Amino acid sequence: HKLETLVDTSLSTNNSGGGGIQICVLDKDAKCLADVTKGNLGGLYSSQSMTPTSLILGFSCTKAITATLAHLLVQEYKFLQYDDYVYEIWDDFCPTATIPSGLAVALDLSEEEAQKRWTWKRQITLRHILQHQAGFGMALPHVLTIQKLASSEECIRAMEYSPTNEEATLLPTSEPGSKTEYHFFSFGWLVAGVVCAAYDKNKKMD
């Protein structure tokens, strides 16, 4: 009842034209302790009630979950270190020390610029990603579609180098660690790529 009162209070103080709240609390055994849904979908859909199955867009809410997985692999499982180079963990992230021939042309960059940015990609660590300092602040998959955006696997692969799809190669736009720039889309895909690669490598060693 206290939770419902808090939800009601929160909704009553919202003067922006509507909105709703979903809260579900589970214990460690997945037993439901509380399940409260109130309000509406807001905006153009304010006439539609919020339900327990309503889908809510919450991109950045998942950053904390993804980052927590990375911290667990570092602190609890010792699968990673914060200053590990990403290319050493994630094989296809930036696989060669020298830039692949033809990549500069494929990306419409000068050889000097392409080599510099390829070198930057080799310098990226897990720490850089977690601190939004990897230089991928505006990075998005090549030819982005709703279907691709809905697939974390495809978006993770978009962070990799593919010799058969060089024009889609993503390179950092600034030297890792040189500045902080919010990685609004790429954060989850970069962290997930590192986490999945580290987990797979350690699983194979067991």
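Student: Where is Leu44 found?

Tutor: This is a predicted model, in which local features need pLDDT of at least 70 and side-chain atom pairs count only at pLDDT 80 or more, while totals for chains, interfaces and linings use all residues. Residues are numbered from 1 along each chain as its sequence is written, and side-chain values use heavy atoms, with hydrogens and water left out.

Leu44 is in the loop between strand 2 (32–39) and helix 2 (61–75). Helices (H or I, at least four residues) and strands (E, at least two) are DSSP runs, numbered from the N terminus. With a relative accessible area of 83%, Leu44 is exposed. Exposed means over 50%, buried under 20%, and partly exposed in between (1.4 Å probe, protein chains only).

Leu44 also belongs to a nonpolar surface patch with Leu41, Tyr45 and Ile56, and together they have about 470 Å² of accessible area. Patch residues have over 30% relative accessible area and no salt bridge; like charges are joined within 9 Å and nonpolar side chains (Val, Leu, Ile, Met, Phe, Trp, Tyr) within 5 Å. The areas come from the Shrake-Rupley method with a 1.4 Å probe, and for residues only the protein chains shown count as cover. A salt bridge is a side-chain nitrogen of Lys or Arg within 4 Å of a carboxyl oxygen of Asp or Glu.

Strand 2 runs antiparallel to strand 1 (residues 20–26), and seven bridges join them. Two strands pair if DSSP finds at least two bridges between them. Leu26 has Cys32 in strand 2 as its bridge partner. The two strands form a hairpin with five residues between them, and Ala30 in the turn has a positive phi of about 70°.

Next come the aromatic rings. Rings of Phe, Tyr and Trp (its six-membered ring) pair if their centres lie within 6.5 Å; planes under 30 degrees apart count as stacked, over 60 as edge-to-face and the rest as tilted. By this rule there are seven aromatic pairs. In one of them, the ring centres of Tyr77 and Phe79 are 5.8 Å apart with planes at 45°, so this pair is tilted. Tyr77 is exposed at 52% relative accessibility, and Phe79 is partly exposed at 25%. Phe93 and Phe136 form another tilted pair, 6.4 Å centre to centre with 55° between the planes. Phe93 is buried at 1% relative accessibility, and Phe136 is buried at 1% too. Trp90, Phe93 and Phe136 form one aromatic cluster.
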